[in-house]
Structures are given as structure tokens and as C-alpha cells.
Amino acid sequence: MRVLLLGADGFLGRHVAERLLADPAVQLTALGRSDDADVRFDLASGAPGALARFLDAVHPGVVVNCAGATRGGARELTRHNTVAVATVCEAMRRSSTGARLVQVGCAAEYGPSPVGASTAEDAVPRPGGPYGVSKLAASELVLGSGLDAVVLRVFSPVGPGTPTSSPLGRLAEALRRAMQSGDGELKLGGLAVQRDFIDVRDVSRAVHAASLSAAQGLVNIGSGRAVRMRDMAAGLAHVAGYDGTLHELDEPQVAPGPPPYPDGCGIWQQADVRTARDRLGWRPRIGLEESLADVWMEAACRV
């Protein structure tokens with residue numbers, strides 16, 4: 001099976017590439033903006049016709065899109081998350097390959113959910129910020145493209161390579177600095193929110209399964225369980241061996257409005273993952289303790 005992977009140098013893309021390369025039946029080609037890519041191409045500015053000609057030359061059976069931006073202003077997010085996907089869809093329509101498209105989406109497309117509820121794929125999306133809006137627009141483009149396509153809405157990925165710009169990555173970095181300086185008290189904010197954390201290696205397994213399946217439409221990828229950020233902080237401190245005090249700066253939020261968490265999803269998110277189980281044969285395997293241990297291992301080695 002020939003697979004063209006877009007965005008192989010990102011947090012998710014690196015793990016997807018590793019998973020696909022481990023399958024001896026897969027012949028992988030990576031396309032992206034970095035020097036490490038097999039072929040350099042900017043989806044946000046490149047022409048669909050040029051990409052279509054490349055598709056015809058490589059003739060992949062599956063195109064996996066992990067490319068995109070998580071930070072920046074609305075204009076930049078729209079270019080890299082929405083315009084780029086429009087380019088991919090148009091190129092695939094022009095191509096003669098008939099390839100399947102696996103689009104990696106994000107739970108930020110849903111926006112805030114009622115506390116205690118599990119979000120299923122039929123939920124009405126109400127993204128709470130420009131990132132979620134740009135990703136939702138991309139998903140709608142894919143679903144309305146007429147292609148053989150599936151969109152995986154990934155909830156909160158963690159594990160090896162967790163970006164330092166993410167809430168958990170920043171927490172790990174703050175913990176590392178506190179331990180280096182011998183600080184016995186660590187002041188943290190944004191711990192009231194609850195998110196559905198899923199190990200990035202389980203996400204890569206889901207992408208692999210989606211590549212091989214005939215599933216179409218939306219599929220949630222998460223653990224099916226919301227966890228408080230304060231519990232994630234405590235778990236990270238435990239695996240790090242930090243015996244100081246974690247001091248929470250913000251009280252649990254009860255008033256309307258978004259808490260200090262950057263995804264625009266309010267106080268709570270939890271995935272309904274029955275579709276992934278039924279249509280992909282996928283279940284998460286890696287527990288949070290292992291994920292946190294790997295996050296801390298990388299943070300502790302940082303200088």
C-alpha cells in the first residue's frame with residue numbers, strides 16, 4: 001500500500017510516520033515544508049494542479065493529512081488549516097489515483113460541551129476560537145468533497161514529543177525548572193478544566209486503522225474519559241519525584257465563559273468513542289501514567 005503522508009514533521013505526524021513505517025506492507029512518502037520531507041511542498045501556497053501531478057506520479061492508495069498549524073492569528077490558521085486542506089481536496093479530485101483521504105481533525109471543532117456529557121460525532125459543532133473554526137472548516141471541506149474520506153477528530157493528544165507550547169508541555173517545563181531551582185512550591189493556573197487525554201501513539205494506531213478501513217465520515221479518537229488538569233499535574237509531579245507543593249492559582253470555574261485554557265472548549269470535554277470501536281476496531285491501549293512518564297522523560301532531559 002502506497003501512503004502519502006502530509007505533515008510528517010509535526011507532533012502527530014512523526015508518530016504516524018513511525019507507525020506506518022513499521023508496517024512492511026506500507027510504502028511511505030512524506031510531503032511537507034521541512035528539509036526532512038521526501039518532497040517539499042507548501043500546502044497553504046502551492047497550486048492544486050502541481051499537487052495533482054505529484055499524486056499521479058506517486059500514485060498513492062491513501063493520503064494521510066496531519067499537516068496544519070495550532071498557533072497564530074486567524075489569518076495564519078485559516079491558511080494552514082483550511083486553505084491547505086482545500087488544496088489537498090482539489091488536487092485529489094483532479095488526480096487519477098482515486099486515493100483515500102484520512103484527515104486528522106481536532107476536538108476543538110466541537111467547542112464547549114455540557115459537563116458530564118460525552119460528545120458524539122453527531123454533536124453540533126460550536127468552536128470557541130479561530131483554531132477550532134479553521135479546523136472545522138477543513139473537516140467540512142473534506143466531508144463535502146465527494147472523496148473516499150474519513151475525518152478523525154482527535155481529542156487531547158499527549159505522550160512523547162508533547163509540544164512545550166501545549167498546556168501539559170508548559171506544565172512539564174514549569175516542573176522541570178522548579179526542580180532545577182529547588183523551589184518547594186509550584187504555582188499553576190488553568191487546572192480546573194477537564195479534558196479527554198489520549199496517547200499520541202494510540203492516535204497513530206487509529207490513523208493506521210483508518211487507512212486500512214472503509215469507514216467514512218467523522219470518527220472521534222479519544223480515551224472516553226475526562227481527566228482534570230490538576231490530576232494531570234499531580235500525576236506528572238509523581239512520576240517526576242517532585243515532593244513540593246502544587247499551588248493552584250485559579251479556583252474551579254462555575255461562571256459562564258472560557259477558562260484559561262487555549263483550545264476554546266470551555267471547562268469540559270469527553271469523547272464518545274463507540275464509532276472508533278465499531279468502525280475501525282480501535283481502542284486506546286496506553287494508560288495516562290505511561291504517557292505522563294514519557295512527557296516527563298523528555299522534559300527532564302531538556303537543557
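In this predicted model, a search of the whole structure turns up one cavity of 30 Å³ or more. The largest cavity has a volume of about 50 Å³, and its lining includes Gly-159, Thr-162, Asp-294 and Arg-302. Two elements, α5 (167-181) and α9 (288-300), each give two or more residues to this lining. Helix α9 gives the most, with four residues.

Asp-294 pairs with Arg-201, their closest N and O atoms being 2.7 Å apart. Arg-201 belongs to helix α6 (residues 200-212) and Asp-294 to helix α9, so the bridge ties together parts that are 93 residues apart in sequence. Asp-294 is buried, at 17% relative accessible area, whereas Arg-201 is partly exposed at 23%.

Two further pairs are worth a look. Asp-272 meets Arg-274 at 2.6 Å, N to O, and Asp-272 is buried, with 10% relative accessibility. Arg-277 meets Asp-278 at 2.9 Å; here Arg-277 is partly exposed at 34% and Asp-278 is exposed at 55%. Elsewhere, Glu-90, Arg-93 and Arg-94 are linked in a network of salt bridges.

Turning to helix α4 (residues 130-143), its 14 residues reach 20 Å from first C-alpha to last, close to the 20 Å expected at 1.5 Å a residue. Its buried residues, among them Tyr-131, Leu-136 and Val-142, pack against α3 (74-94), β5 (100-106) and β6 (149-154).

Technical notes:
Residues are numbered from 1 along each chain as its sequence is written. This is a predicted model: local features need pLDDT of at least 70, side-chain atom pairs count only at pLDDT 80 or more; totals for chains, interfaces and linings use all residues. Side-chain values use heavy atoms; hydrogens and water are left out. The expected span of a helix is 1.5 Å times one less than its number of residues. Buried means under 20% relative accessible area, exposed over 50%, partly exposed in between (1.4 Å probe, protein chains only). Contact means heavy atoms within 4.5 Å. On a 1 Å grid over the protein atoms alone, a cavity is a set of points where a 1.4 Å probe fits but cannot get out, and a pocket is an open set with protein on both sides within 12 Å along at least five of seven lines; lining residues have an atom within 4 Å of a point. Grid points are joined across faces, edges and corners, and a volume is the space filled by probe spheres set on the points. A salt bridge is a side-chain nitrogen of Lys or Arg within 4 Å of a carboxyl oxygen of Asp or Glu.
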